[in-house]
Amino acid sequence: MEFERNKKGPIGELLAPVAGFGVTFSSMFRPTVTEQYPFEKVPTQPRYHGRHQLNRYADGLEKCIGCELCAWACPADAIFVEGANNSPEERYSPGERYGRVYQINYLRCIFCGYCIEACPTRALTMTNEYEITGPTREGMIYEKQDLLAPLQPGMLAPPHPMVEGTDDDNYYRDEITGPTEAQVEWVRERRPEDPSLETARPVKGAPA
């Protein structure tokens, strides 16, 4: 089947050269908008692709499991991930592994978002922060501590055990609402000076 373009009439042929300038002519009569950046910062659109962030669960454990799928999906080879095994005394995420090393080279990153689409645990998302320039090339390589989301009030700083009676599936289904008293006591016994103990808000028991 062949498709042919509809032929224009005499008036259409006459106005064809002018139609191409339609956007230009319509813009000529709009007010000029000048943003006074950096003195006045205009909020970005909600879905703007800015700096990356490594997220946490409600009890403070990290969502990143060190699977490296984000690094494989990156077309610019800007992400480097090195996973490590969790242990009873050093647990940073649910399941078996966590991201021990996480780096993003913002000299290479093209902000395409492929990495966040590849992440199976929604550990990696993109914020609205766009001021990520720096005076040195070394400073443009963001480490895990630069990307990790800060502890929200009520969370407990890892490492600490998972919520008792749960597995990684409970975490992935977002059934964890906060640290339990057993987790708080575990941290208090081993790290009594941990500042997150002052703001941790224990919840009752494990999810049903």
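1. A residue is called partly exposed when its relative accessible area lies between the buried range, under 20%, and the exposed range, over 50%. In this predicted model, Val18 has a relative accessible area of 45%, so it counts as partly exposed.

2. Val18 belongs to helix α1, which spans residues 10–19.

3. Turning to the helix α7, residues 181–190, its buried residues are Gln183, Val184, Trp186 and Val187. When α7 is viewed down its axis, these buried residues fall within an arc of 160°, and they therefore line one face of the helix. The neighbours against which the buried residues of α7 pack are α6, residues 168–172, and α8, residues 196–199.

4. Among the strands, β2 (residues 79–85) and β3 (residues 97–105) run antiparallel and are joined by seven bridges. As one of the pairings to look at in the structure, Phe80 has Gln103 in β3 as its bridge partner.

5. Strand β3 is also joined to β5, residues 141–142, by two bridges, and these two strands likewise run antiparallel. Here Ile104 has Tyr142, in β5, as its bridge partner, so that β3 has bridges both to β2 and to β5.

Methods:
Residues numbered from 1 in each chain as written. Predicted model: local features only at pLDDT ≥ 70, side-chain atom pairs only at ≥ 80, totals over all residues. Heavy atoms only, no water. Buried < 20%, exposed > 50% of the residue type's maximum accessible area, 1.4 Å probe, protein only. Helix = DSSP H or I, 4+ residues; strand = E, 2+ residues; numbered from the N terminus. Arc of directions from axis to C-beta. Contact = heavy atoms within 4.5 Å. Pairing = 2+ DSSP bridges.
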